[in-house]
Amino acid sequence: MEMLFGEYSNTLDEKGRILFPAKLRGVLRQESVVVTQGLDRCLMLFTIDEWMSLNRKIVESASLFNDQKRLVMRRFIAPAQKIDFDRTGRLSIPQSLRDYAGLKSECTILGINRYMELWDSESYRAYLEKTESSFLQAAESMGDILM
């Protein structure tokens, strides 16, 4: 699979469906994605293969007797759902996941190499503002890999 990248804006309709960007669908070349709760109150979307690989790594490293690992499994693996694209290229986001991410109408979809994020656009703008100084520090810390 090619890398997923780009920032796209789309509207979530009253039934919780969002038209997925054609450029990302072209890279995915799949009929389904796995959607789960992400970090920072967004949703994370994976191809089936990426999800299976990540899921396997998490489960293999997890212990039922480790509180932090149980937390990750409960918050990341348990809410995951396989969602099929409809014939027009829309995804129907389940209510529980819409509630978690606070998705209203205007949404932002980000392609981030091997996965995607789905944000409420207003929340995403607030996140960008809140993390601006942290981003500058993070970018500076990676200066040795940039040009």
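Before we start, a word on pockets: here a pocket is an open set of grid points where a 1.4 Å probe fits, with protein on both sides within 12 Å along at least five of seven lines. Keep in mind, too, that this is a predicted model.

Stop 1: Colour the strands and you'll find an open sheet of 6 strands, in the order 1-7-8-4-3-5, with antiparallel pairing. At the edges sit strand 1 (4-11) and strand 5 (81-84), each pairing on one side only. From one strand to the next, the twist averages 25 degrees.

**Stop 2: strands 3 and 4.** Select residues 32-37 and 43-46: these are strand 3 and strand 4, an antiparallel pair with 4 bridges. Look for Gln37, which stands opposite Leu43 in strand 4.

**Stop 3: the largest pocket.** It holds about 250 Å³ of space. Pick Leu110, Ile112, Glu117, Tyr124 and Tyr127, the closest to its centre of the 13 lining residues. Strand 1, strand 7 (106-113), strand 8 (115-120) and helix 5 (121-130) each give two or more residues to this lining, which counts 8 nonpolar, 2 polar and 3 charged residues.

**Stop 4: the second largest pocket.** This one has about 210 Å³ of space. Which helix gives the most to its lining? Select residues 67-77: helix 3 does, with 4 residues. Gln37 is back here too, lining the pocket along with others including Met44, Phe76 and Tyr100. The lining splits into 6 nonpolar, 2 polar and 1 charged.

Key: Residues are numbered from 1 along each chain as its sequence is written. This is a predicted model: local features need pLDDT of at least 70, side-chain atom pairs count only at pLDDT 80 or more; totals for chains, interfaces and linings use all residues. Side-chain values use heavy atoms; hydrogens and water are left out. Two strands pair if DSSP finds at least two bridges between them. Axes are lines fitted to C-alpha atoms, for helices over the stretch in contact, and angles run from 0 to 180 degrees between N-to-C directions. On a 1 Å grid over the protein atoms alone, a cavity is a set of points where a 1.4 Å probe fits but cannot get out, and a pocket is an open set with protein on both sides within 12 Å along at least five of seven lines; lining residues have an atom within 4 Å of a point. Grid points are joined across faces, edges and corners, and a volume is the space filled by probe spheres set on the points. Ala, Val, Leu, Ile, Met, Phe, Trp, Tyr, Cys and Pro count as nonpolar, Asp, Glu, Lys and Arg as charged, and the others, Gly among them, as polar.
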